[in-house]
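Q: I have a new structure to read and would like to take it feature by feature. Please begin with the spaces inside.

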Amino acid sequence: MNTIPKTAFEFLKDLKKNNHRDWMQEHKKRYQSNEKELKAFYAAVVDRLNEEDEIEKTKVFRINRDIRFSKDKTPYNVHRSVSFSRAGAHRRGGYYLRLEPGNSQMAGGFFGPEPKDLLRIRKEFEMDDQEIREILSNAEFQKAFGGFNTDYQVKTAPKGFSKEHPAIDLIKNKSFFVTKSFTDKEVFSEGFLDNLTYHYRLLRPYFDYMSDVLTTDLNGVSLLK
């Protein structure tokens, strides 16, 4: 399936108004029908991505919320989310899609990288930030994403880095990803798959650069066996 059915959002809107288990049980078949259609769309996304990349895994996030440590005890997410993981140790970065009435978006990059990778990225930017700035300042990239999401940063500078460093605006990030929002009209349009994969494609130079960084040491020697 190359389009998102409007019924998917109609279900999520109704769920938001009736976010409890009894309602979900009563509408289980409706939920399952929507999931089937959405998974068909995800498969179409994978097919498109595989034209220029290689996707190893599609992860559809559960609709059930983890409410153990949350003040909000509503049991279900009112959005549907999926991620597409690239194959192989030499391919880094991941693609993400969130579908929610009035709040749909795609994202891509590195969300909460493990400490070793985070340090390697920061050290690279400390040593030379020219290449990453060229990627981020590309006209198409800028128009689509602006720059890195800055919601996840240390306040001044990470331990071992100078807050006066010219690249501190990049170094203090704890995640390195970009986002693009879509209106409901865009999500339901015939061209949404094209629009989505166009924005995923814009990430490739960034992914190629970061893959090189994360698979080499600071001397450029490969870490892959």
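Q: How many cavities of 30 Å³ or more does a search of the whole structure find?

A: On a 1 Å grid over the protein atoms alone, a cavity is a set of points where a 1.4 Å probe fits but cannot get out, while a pocket is an open set with protein on both sides within 12 Å along at least five of seven lines; lining residues have an atom within 4 Å of a point. Here the search finds two cavities of that size. This is a predicted model, in which local features need pLDDT of at least 70 and side-chain atom pairs count only at pLDDT 80 or more, while totals for chains, interfaces and linings use all residues. Residues are numbered from 1 along each chain as its sequence is written, and side-chain values use heavy atoms, with hydrogens and water left out.

Q: What volume does the largest cavity have, and which residues line it?

A: Grid points are joined across faces, edges and corners, and a volume is the space filled by probe spheres set on the points. For the largest cavity that is about 80 Å³. Its lining consists of Arg48, Leu49, Glu52, Asp53, Tyr95, Thr197, Tyr200, Arg201 and Arg204.

Q: Which elements give two or more residues to that lining?

A: Helices (H or I, at least four residues) and strands (E, at least two) are DSSP runs, numbered from the N terminus. In the largest cavity, the elements giving two or more lining residues are α3 (28-49) and α9. The largest share, three residues, comes from α9.

Q: How does the lining of the largest cavity divide by class?

A: Ala, Val, Leu, Ile, Met, Phe, Trp, Tyr, Cys and Pro count as nonpolar, Asp, Glu, Lys and Arg as charged, and the others, Gly among them, as polar. The lining of the largest cavity has three nonpolar, one polar and five charged residues.

Q: Which residues line the second largest cavity?

A: That cavity has a volume of about 30 Å³. Its lining is made of Ala8, Phe11, Leu12, Tyr31, Asn34, Glu35, Leu38 and Arg80.

Q: What is the volume of the largest pocket, and which residues are closest to its centre?

A: The largest pocket holds about 810 Å³ of space. It is lined by 31 residues, of which Gly94, Gly109, Phe110, Phe111 and Gly112 are the closest to its centre. Two or more lining residues come from each of β1 (55-60), β2 (80-86), β3 (94-99), β4 (104-110) and β5 (176-182). Among these, β4 gives the most, with five residues. The classes are eleven nonpolar, eleven polar and nine charged.

Q: Which helix gives the most to the lining of the second largest pocket?

A: The second largest pocket has a volume of about 210 Å³, and helix α4 (residues 115-127) gives the most to its lining, with five residues. The lining residues include Arg92, Glu114, Lys116, Asp117 and Leu223. Four of the lining residues are nonpolar, one is polar and six are charged.

Q: In what order do the strands of the sheet lie?

A: Two strands pair if DSSP finds at least two bridges between them. The open sheet of five strands has the order β1-β2-β3-β4-β5, with antiparallel pairing. β1 and β5 each have a single partner strand and stand at the edges, so one side of each has no neighbour in the sheet.

Q: Where are the buried residues of helix α10?

A: Buried means under 20% relative accessible area, exposed over 50%, and partly exposed in between (1.4 Å probe, protein chains only). In α10 the buried residues are Arg204, Tyr206, Phe207, Tyr209, Met210, Ser211, Val213 and Leu214. Helix α10 (residues 204-214) is largely enclosed by the rest of the structure, because eight of its eleven residues are buried. Strand β2 is mostly covered too, with six of its seven residues buried.
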